[in-house]
Amino acid sequence: MPELPEVETVVRGLRKTIKGKIIKRVTLNNTPKSTILLGKSFGEKQFGKVLRNKTIKNINRRGKNILIELSNDLTLWAHLKMTGHFFFLDKKEPIDKHDLVIFDFRNDSKNLRFNDYRRFGRLRLFKNNELWEQKGLKELGEEPLEIPVENFIKLFKNSKRMIKPALLDQSFLAGLGNIYTDETLYQCKIHPKRITSTISKKKLKELHATIQKMLKFSISKMGTSVDSFSSVNGKPGQYQKYLKAYNNEGEPCQFCNRKIKREKIGSRSAHFCPRCQRL
């Protein structure tokens, strides 16, 4: 699933391509009912009808969520899930069978397509006054790139959990997933089963700095493409070239040459060095 750097890459691509445009038409292409959701306040109105003639005012990110701010106090909330993509393409490009939702704009030769071959992605439309009461947004923790180091330390010291599952919990910190959790714990030489409250303040300061540095660098490389991720222009990310732990089971550790181990922790896989990241 795309994590913070990948979603931020998409958000920046959308800002460059569709911000300020007016939606002319929305076409559903064999779209599953699960893909589209309208807030209760819209009643029986159709998704496309509500979006027609709305101006795209801005695009922001919260955790792994994309928030497209529209005129009339509306927000289109998108979650890419496993294989969701936004592509900004020339209208002459053939419609793909996985282009589930197509947005056409006034006076524009290109359109925006929500493509998702596994069909787990979601597009949800809410009025702004009900958006932040929705499950999936209201419980999100602080942003890793914004949380002050003092709050970061307090967060860990007030919790008694294994660090890997804690970092994956979006109510703990919003935006991290398997890739950047494995990589930052590896760089800081912290075992993924280490209990959060037992980590020293010095080590937590190091982890805070490492997370922020890594996320910023990954964003500069347009994220990590280890499966199907690509940006709005269809180009893959480049950060996968820098991965040292994630998906490197059996490869030598860059610090000690011991083989990277893969272990299931809290229902998710963790990649770490059993020598450098001792429990």
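User: In which loop does Leu176 lie?
Analyst: This is a predicted model, where local features need pLDDT of at least 70, side-chain atom pairs count only at pLDDT 80 or more, and totals for chains, interfaces and linings use all residues. Residues are numbered from 1 along each chain as its sequence is written, and side-chain values use heavy atoms, with hydrogens and water left out. Helices are DSSP runs (H or I, at least four residues), numbered from the N terminus. Leu176 lies in the loop between helix 5 and helix 6.

User: Is Leu176 buried or exposed?
Analyst: Buried means under 20% relative accessible area, exposed over 50%, and partly exposed in between (1.4 Å probe, protein chains only). Leu176 has 1% relative accessibility, so it counts as buried.

User: What covers the buried residues of helix 7?
Analyst: The buried residues of helix 7 include Leu204, Leu207, Ile211 and Leu215. Their cover includes helix 1, helix 4 (149-157), helix 5 (163-168) and helix 6 (178-188).

User: Why does the span of helix 7 agree with its number of residues?
Analyst: The expected span is 1.5 Å times one less than the number of residues. For the 20 residues of helix 7 that should be 28 Å. The end C-alpha atoms of helix 7 are 29 Å apart, which agrees.

User: At what angle do helix 6 and helix 7 pack, and which word describes it?
Analyst: Axes are lines fitted to C-alpha atoms, for helices over the stretch in contact, and angles run from 0 to 180 degrees between N-to-C directions. Helix 6 and helix 7 pack at about 130 degrees, with axes 9 Å apart. Angles under 35 degrees count as roughly parallel, over 145 as roughly antiparallel, 65 to 115 as roughly perpendicular and the rest as oblique. That makes helix 6, relative to helix 7, oblique.

User: By class, what residues does the contact of helix 6 with helix 7 have?
Analyst: Helix 6 brings Tyr180, Glu183, Thr184, Leu185, Gln187 and Cys188, and residues of helix 7 in the contact include Leu207, Met214 and Ser218. Ala, Val, Leu, Ile, Met, Phe, Trp, Tyr, Cys and Pro count as nonpolar, Asp, Glu, Lys and Arg as charged, and the others, Gly among them, as polar. The contact has seven nonpolar, four polar and three charged residues.

User: How far apart are the axes of helix 4 and helix 7?
Analyst: Their contact includes Phe152 and Phe156 of helix 4 and Leu204 and His208 of helix 7. The packing angle is about 120 degrees, and the axes are apart by 10 Å.

User: Which residues of helix 7 make the contact with helix 1?
Analyst: Helix 1 gives Leu4, Pro5, Glu6, Glu8, Thr9 and Arg12, and helix 7 gives Leu215, Ser218 and Ile219.

User: Is Thr196 buried or exposed?
Analyst: Thr196 is in the loop between helix 6 and helix 7. Leaving aside neighbours within four places in sequence, its contacts include Phe156, Met162 and Ala166. Its relative accessibility is 0%, so Thr196 counts as buried.

Terms used: Contact = heavy atoms within 4.5 Å. Helix = DSSP H or I, 4+ residues; strand = E, 2+ residues; numbered from the N terminus.
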